[in-house]
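Here is a short tour for anyone meeting this structure for the first time. Please keep the sequence and the 3D view open as you read.

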Amino acid sequence: MCRERINDLIREVDMEKVFWDTNELKKRTCMSWNTIQTTFFFDSRFVKRKVGSKWYFPVKETREFLELWLMEQPIDPQR
């Protein structure tokens, strides 16, 4: 019951934002900007827009892409 309520609250907070900037993307993925660029940034499925000198990422599409991308990653046999 607690987990369900926490998930509901997280969804509510996430819905407050329409898009993320690069700092929010780094925070949400726990990745550095260099890692983001070398792993998925240039994937054609990753929706992004550059406005002036800043990159913006629509929250819904970005979340969906990141979940899909993660599931596509090979599992490390060492673990």
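## A lysine and its surroundings

A polar atom of the K48 side chain lies 2.8 Å from the backbone oxygen of F41, and the backbone oxygen of F46 is 3.2 Å from a polar atom of that side chain. Both belong to the class of polar contacts (pairs of N or O atoms within 3.5 Å; within protein, one must be able to donate a hydrogen and the other to accept it, and residues adjacent in sequence count only if both atoms are side-chain atoms). This is a predicted model, in which local features need pLDDT of at least 70 and side-chain atom pairs count only at pLDDT 80 or more, while totals for chains, interfaces and linings use all residues. Residues are numbered from 1 along each chain as its sequence is written, and side-chain values use heavy atoms, with hydrogens and water left out.

To find K48, look in the loop between α3 (33–41) and β2. Helices (H or I, at least four residues) and strands (E, at least two) are DSSP runs, numbered from the N terminus. K48 is buried but has no salt bridge; D43, the nearest side chain of opposite charge, is 7.5 Å away. Here, buried means under 20% relative accessible area, exposed means over 50%, and partly exposed lies in between (1.4 Å probe, protein chains only). For charge, Lys and Arg count as positive and Asp and Glu as negative, while His and the chain ends are not counted. Setting aside neighbours within four places in sequence, K48 is in contact (heavy atoms within 4.5 Å) with F41, D43, W55, Y56 and F57.

## The sheet and a helix on it

Now turn to the strands. Three of them form an open sheet in the order β1-β3-β2, with antiparallel pairing. Its edge strands, β1 (19–21) and β2 (49–51), each pair on one side only. Two strands pair if DSSP finds at least two bridges between them. On average, neighbouring strands of this sheet are turned by 35° against each other, direction ignored. Such angles run from 0 to 180 degrees between N-to-C directions, and the axes are lines fitted to C-alpha atoms, for helices over the stretch in contact.

Between β1 and strand β3 (residues 54–58), three bridges make up the antiparallel pairing. Helix α2 (residues 22–29) packs on the sheet and touches β1 and β3, its direction making about 95° with that of β1.

## Residues to look at

F19 sits in strand β1, opposite P58 in β3. With a relative accessibility of 45%, F19 counts as partly exposed. Not counting residues up to four places away in sequence, F19 touches Y56, F57, P58 and V59. The C-alpha atoms of F19 and T62 are 8.7 Å apart, although 43 residues separate the two along the chain.

T29 belongs to helix α2 and is buried, at 18% relative accessible area. A polar atom of its side chain lies 3.4 Å from the backbone oxygen of K26. Beyond neighbours within four places in sequence, T29 is in contact with I36, F40 and L66.

What is the phi of C30? The value is positive, about 60°, although C30 is not a glycine. Most residues other than glycine have a negative phi. You will find C30 in the loop between α2 and α3, and its 72% relative accessibility makes it exposed.

## Salt bridges

How many salt bridges does a search of the whole structure find? There are six, each a side-chain nitrogen of Lys or Arg within 4 Å of a carboxyl oxygen of Asp or Glu. R45 meets D43 in one of them (2.8 Å, N to O), and R45 also forms a salt bridge with E72, with the closest N and O atoms 2.8 Å apart. R45 lies in the loop between α3 and β2 and E72 in helix α4 (residues 59–72), so this pair ties together parts that are 27 residues apart in sequence. R45 is partly exposed at 38% relative accessible area, and E72 is partly exposed at 40%.

Helix α4 also holds E64 and K60, which are four residues apart and therefore separated by about one helical turn. Their side chains meet in a salt bridge (3.4 Å, N to O). E64 is partly exposed at 45% relative accessibility, whereas K60 is exposed at 55%.
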